[in-house]
There are 2 protein chains.
Amino acid sequence: MTDEFTQFARDLREHVDGALDRLLPPASAAPARLHEAVRYSVFAGGKRVRPVLVVLAGETFGAPRDACLIGGAALEMAHTFSLVHDVLPSLDNDDLRRGQPTVHRQFDEATAVLVGDALLNLGLQTLMEEPAAMAADRRLRASVLVAEAIGTHGMIGGQMADLEAEREWPAAPEAALDSIHERKTGALLTAALRVGGAYAGVRRAEDALLLTLGRCVGMLFQIGDDILDVEGESAILGKTAGKDHDARKLTYPSLHGVDGSRTILAQVRDEAMTLIEELPSSRRLFRSLVDYLCNRDR
Amino acid sequence: MTDEFTQFARDLREHVDGALDRLLPPASAAPARLHEAVRYSVFAGGKRVRPVLVVLAGETFGAPRDACLIGGAALEMAHTFSLVHDVLPSLDNDDLRRGQPTVHRQFDEATAVLVGDALLNLGLQTLMEEPAAMAADRRLRASVLVAEAIGTHGMIGGQMADLEAEREWPAAPEAALDSIHERKTGALLTAALRVGGAYAGVRRAEDALLLTLGRCVGMLFQIGDDILDVEGESAILGKTAGKDHDARKLTYPSLHGVDGSRTILAQVRDEAMTLIEELPSSRRLFRSLVDYLCNRDR
């Protein structure tokens, strides 16, 4: 039986993809190779978790679904930017992503650099301009939230710290691991919930609740990803399983073991479940999200 | 004797650099190597033309100088993003910029990718959040103007088209040249004038005047740059003179000859001078700017 969150995400997916299709420049527009590569990277699969979180949080506080889908599509662009740049030959140097050649493999490295730049820029521009019917101060707020999540205290800073940790094993690896993943993965997932809240015009206390809940979601997501990487199979994951582990990267299983990682997962799960009780609605759906994140390898 | 525009730009420079110093994260903030590299790229010299244009256009229509300096600093970040990414090994592959090692040479390629990403993002974030005293709708307007100038119909698209023209000589080289440079150089220079106007709350007709004038400024800047590249000396320019010419890149001198380029320069100069007559103030300073752009090799 499909769980409630999976069904919710599945139902939204075509609407997210529809919004992305409308918001991205057509592949025929000049420079065509660039726009083709932008669409290749965005439509290479993926569960659209960030857009789903925008809708989930937005509807919890009363924001219209259409607005959340558009903002969610913009977050997906920002997410795809990081996917494209993080795997460049000079960074993680991956040939495959979601079972398909990465942009620099399918096109070329210069195009991949420009595709990432274009998606970062268009993601933020979309949040500034769309949804057009949304009050300007809410659009501005959403744009700032996402820019903060992308920046050197967010995804970009986390990626840099991750590269540095590979070169030189950090003095305090546990703290470094938490800090890197909070920025690399957690920041944009948290921003997704808060953008939904911003579209609903939530007050400060509600935004703080979404922020704390977002950090839990980010940790559950990352720990689950790390466990999947150790236990998964290449065919299922579409990337070389065990790659992170072999390279002695900082991961939850490499520092805490698989069982230790599952213990942390259970602790964060409990914290998330407590926070969810404070939400005004959608509590069952949020609980289903948390269970989904805790059982991704099953 | 120093011309009026040069003096104006020189007087502003330390204020622009002061604004950049306040807006950029300290080099000591983690990840330190990234922030160090961000500052290395931004403080590697340069005449801060874009910030000066924000101040010039802003003051012409009554915007406060302090606001224009902050917005100008944000545009300089966006400009530096393109300088850092455009010279990466997979793109133009330059070792020197303004006489100093490029970021990927001084640090490494992964750092250079992330520095460009960080500056693009922080440039836009700064325009969203600053100046804090500026009305939110004007900040949003300025942010959108710059994002449009950066995007795939602006700088990023122009860079892609430039790379494509190198691989395959375009069927209509004159049209391709104009179109590439309008996007690569003209778009952000035009946005600089329009951001100044946005801070002053100009009406549509005044914005259109700044747009047309910006296109002239962009052409004068690019044609002047191309002529400088052919006639200049490495020691003065701080990059390998004649590099663009040798590589059979699309440039004004390579298509129109140096004399032909000077003729185009004179035509655009006349157009700009006519437009300047329609400005409500600062006409002498704008004329001095145009003369400066037409005489950069002297």
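The questions and answers below go through a predicted model with chains A and B.

User: How are residues, chains and ligands numbered or lettered, and which pLDDT limits apply to this predicted model?
Analyst: Residues count from 1 along each chain as its sequence is written, while chains are lettered from A and ligands numbered from 1 in the order in which they are written. As the model is predicted, totals for chains, interfaces and linings use all residues, side-chain atom pairs count only at pLDDT 80 or more, and local features need pLDDT of at least 70.

User: Which relation do chain A and chain B have, given the rotation that superposes them?
Analyst: Chain A is superposed on chain B by a rotation of 180° with 0.0 Å of shift along its axis, at an RMSD of 0.0 Å.

User: Which helix supplies the largest share of the side of chain A that touches chain B?
Analyst: Contact here requires C-beta atoms, placed from the backbone, to lie within 7 Å. On that basis 40 residues of chain A are in contact with 40 residues of chain B. On the chain A side, α2 (32-42), α6 (109-129), α7 and α8 (155-167) each supply at least two residues; helices are DSSP runs of H or I with at least four residues, strands are runs of E with at least two, and both are numbered from the N terminus. The largest share, 13 residues, comes from α6(A).

User: How many residues on the side of chain A that touches chain B are nonpolar?
Analyst: The classes are nonpolar (Ala, Val, Leu, Ile, Met, Phe, Trp, Tyr, Cys and Pro), charged (Asp, Glu, Lys and Arg) and polar (the others, Gly among them). The side of chain A that touches chain B has eight charged and ten polar residues, and its nonpolar residues number 22.

User: Why do the copies meet through the same surface?
Analyst: The test is which interface residues of chain A are also interface residues in chain B. The copies meet through the same surface because that share is 100%.

User: Are α7(A) and α6(B) roughly parallel or roughly antiparallel?
Analyst: Helix α7 (residues 136-150) of chain A and helix α6 (residues 109-129) of chain B pack with axes 10 Å apart, at an angle of about 150°. Axes are lines fitted to C-alpha atoms, for helices over the stretch in contact, and angles run from 0 to 180 degrees between N-to-C directions. Angles under 35 degrees count as roughly parallel, over 145 as roughly antiparallel, 65 to 115 as roughly perpendicular and the rest as oblique. α7(A) and α6(B) are therefore roughly antiparallel.

User: Which residues of α6(B) make the contact with α7(A)?
Analyst: From α7(A) come Leu140(A), Ser143(A), Val144(A), Ala147(A), Glu148(A) and Ile150(A). By class, the contact of α7(A) with α6(B) has six nonpolar, three polar and two charged residues. The α6(B) residues are Asn121(B), Leu124(B), Gln125(B), Met128(B) and Glu129(B).

User: How are α2(A) and α6(A) oriented to each other?
Analyst: Within chain A, the contact joins Arg33(A), Leu34(A), Ala37(A), Val38(A) and Ser41(A) in α2(A) to Thr111(A), Leu114(A), Val115(A), Ala118(A) and Leu119(A) in α6(A). Their axes come within 9 Å and cross at roughly 70°. α2(A) and α6(A) are therefore roughly perpendicular.

User: Is Cys216(B) buried or exposed?
Analyst: Cys216(B) is placed in helix α10 (residues 204-231) of chain B. Leaving aside neighbours within four places in sequence, Cys216(B) is in contact with Val268(B), Glu271(B), Ala272(B) and Leu275(B). A residue is buried if 20 or more other C-beta atoms, placed from the backbone, lie within 10 Å of its own, exposed if 12 or fewer, and partly exposed in between. With 24 such neighbours inside 10 Å, Cys216(B) counts as buried.

User: What is the C-alpha to C-alpha distance of Leu275(A) and Leu209(A)?
Analyst: Leu275(A) lies in helix α13 (residues 252-276) of chain A, and is partly exposed, with 19 other C-beta atoms within 10 Å. Residues that Leu275(A) touches, not counting those up to four places away in sequence, are Leu209(A), Thr212(A), Leu213(A) and Cys216(A). Leu275(A) and Leu209(A) are 66 residues apart in sequence, and their C-alpha distance is 7.3 Å.

User: What is the omega of the cis peptide bond between Glu130(A) and Pro131(A)?
Analyst: Pro131(A) lies in the loop between α6 and α7 of chain A. The bond joining Glu130(A) to Pro131(A) is cis, with omega about -15°.

Note on methods
Contact = placed C-beta atoms within 7 Å. Least-squares fit on C-alpha atoms with pLDDT ≥ 70 in both.
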